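Subject: Structure for your files, with notes

Hello,

Here is the structure I said I would pass on. My notes follow it, grouped by region.

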Amino acid sequence: MLIKQVADILPSEITSESSYLNRRQFMGAAGAMAMGSLLSPAISSASEVIEPPPLDYLAATKASPSGFYTSEVQTPYRDVTGYNNFYEFGTDKTDPEKYASKLVTDPWSVSIEGEVDKPGTYTLEDILKPHDLEERIYRLRCVEAWSMVVPWIGFPLADLLKRFGVGSKAKYVAFETLYRPDEMRGQRSRFGTIDWPYVEGLRLDEAMHPLTILAVGVYGKTMPKQNGAPIRLIVPWKYGFKSIKSIVKIRLTERKPATSWNKTAPSEYGFYSNVNPAVSHPRWSQATERRLPNSLFKPNRIETLPFNGYAEQVASLYTGLNLKRHF
Ligand SMILES: Nc1nc2c(c(=O)[nH]1)N[C@H]1C(S)=C(S)[C@@H](COP(=O)(O)O)O[C@H]1N2
Ligand SMILES: [Mo]
């Protein structure tokens, strides 16, 4: 599949040099410190060298009023594609990269069902044809308290839903991942916690929000299989597990759909799962997060922001909703 580029220069290319430099600076400095601690007791001067430039995360968020881009340092491609959650391929962070190559993503089709004017099963090519692809540089905050900054390529989910016609009874959108145990070794595991296929859902207004996209690429390249090829959801103000991968079904419904992690542990994972530093997971705090890449020398622990820093864009969707109760 080809990714059409809408602009000659992607925003990720504009900022990639500075993130490359930051990374280089950091690696050089970390190396210097490791050497320093082995070879001489003069760590204080070495540690001056490794002090990273302070990052103003809030300012980076505000820089793009739409929330479509952040100027924060982008997580390198090797981390975005090598540290993944995709339980269909196993529960270790490195399993998806190791095993997702077995996934057959061509041909691919997506069925559009339920309260929609033009239901049917469409090939990926038909799904993508009329949509201009654009880049969005988003924070991705996993419920496990790590995060990344990723330049996705995709298009607004709203554009797709409008095209197929949202029925008057539709109140939610349900999504389903491929179920193919022959290719997805995690689906064959007898010790899994998830009841396959993986399912997710959004309220219709969340699905129609301009920040919500269907992504088909990352870093200007076709989506790697471990990241949810060929097409996945990205909802940047919610915990990462809402951003369902390798979608084969989109169903508009009148009733709130079931969601995989909520079914697995309802007291730990709610339907909304908006990023919220004030609501702890029963087993850990959500007040801070580990921003990848990190290391012993640079733990990169930062504060978690309400709605993952997208409050300005999305808080109004939840006016009057008790976010502690509806976590
Ligand atoms: N089908 C499916 N989608 C999924 C998951 C999964 O296990 N299966 N993991 C989720 C979780 S917990 C996160 S944090 C993100 C990770 O996306 P990434 O690997 O592209 O960073 O995908 C989400 N989508
Ligand atoms: Mo996650």
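Which elements each supply at least two residues of the lining of the largest cavity? They are α3 (57-62), β11 and β12. Please keep in mind throughout that this is a predicted model.

The largest cavity

The structure holds three cavities of 30 Å³ or more. The volume of the largest cavity is about 60 Å³. Its lining consists of Tyr 57, Thr 61, Glu 72, Arg 139, Glu 289, Arg 291, Ile 302, Glu 303, Thr 304, Leu 305 and Asn 308. Sorted by class, these are five charged, three polar and three nonpolar residues.

Overall picture

The protein has 327 residues, of which 52% count as buried. Ten helices and twelve strands make up its list of elements. For contacts between residues at least 6 apart in sequence, 71% join residues at least 24 apart. The exposed surface comes to about 15500 Å², and carbon and sulfur atoms supply 55% of that.

The second largest pocket

Rolling a probe the size of a water molecule over the atoms shows where empty space is left. The second largest pocket contains about 450 Å³ of space. It is lined by 28 residues, and the closest to its centre are Asn 85, Phe 86, Cys 142, Gly 240 and Phe 241. The class count for this lining is 18 nonpolar, six polar and four charged residues. Strand β4 (residues 146-156) gives the most to the lining, with four residues.

Is strand β7 (residues 213-218) mostly covered or mostly open? It is mostly covered, since six of its six residues are buried.

Backbone points to check

- The bond from Ala 229 to Pro 230 is cis, with omega near -5°. Pro 230 sits in the loop between β8 and β9.
- The bond from Leu 292 to Pro 293 is cis as well, with omega near 0°. Pro 293 belongs to the loop between β11 (288-291) and β12 (301-303).

- Ala 145 has phi near 75°, a positive value in a residue other than glycine. Its place is the loop between β3 (134-141) and β4. Ala 145 counts as buried because its relative accessibility, 9%, is under the 20% cut-off.
- Phe 307, also a residue other than glycine, has a positive phi near 55°. It is found in the loop between β12 and α10 (311-314). With a relative accessible area of 7%, Phe 307 is buried.

Tyr 198

Where does Tyr 198 lie? The loop between β5 (172-177) and β6 (199-203) holds this residue. Tyr 198 has a relative accessible area of 10%, so it is buried. Leaving aside residues up to four places away in sequence, Tyr 198 touches Glu 88, Phe 175, Glu 176, Thr 177, Phe 241, Ile 244, Ser 260 and Trp 261. One of these, Phe 241, is also among the residues closest to the centre of the second largest pocket. Tyr 198 and Tyr 179 are 19 residues apart in sequence, and their C-alpha atoms are 8.1 Å apart in space.

Regards

Conventions. Residues numbered from 1 in each chain as written. Chains lettered and ligands numbered in written order. Predicted model: local features only at pLDDT ≥ 70, side-chain atom pairs only at ≥ 80, totals over all residues. Heavy atoms only, no water. Buried < 20%, exposed > 50% of the residue type's maximum accessible area, 1.4 Å probe, protein only. Contact = heavy atoms within 4.5 Å. Areas by Shrake-Rupley, 256 points an atom, 1.4 Å probe, with all protein chains shown as cover. 1 Å grid on protein atoms, 1.4 Å probe; cavity = no way out; pocket = protein on both sides within 12 Å on 5 of 7 lines; lining within 4 Å. Points joined across faces, edges and corners; volume = space filled by probe spheres on them. Nonpolar A, V, L, I, M, F, W, Y, C, P; charged D, E, K, R; others polar.
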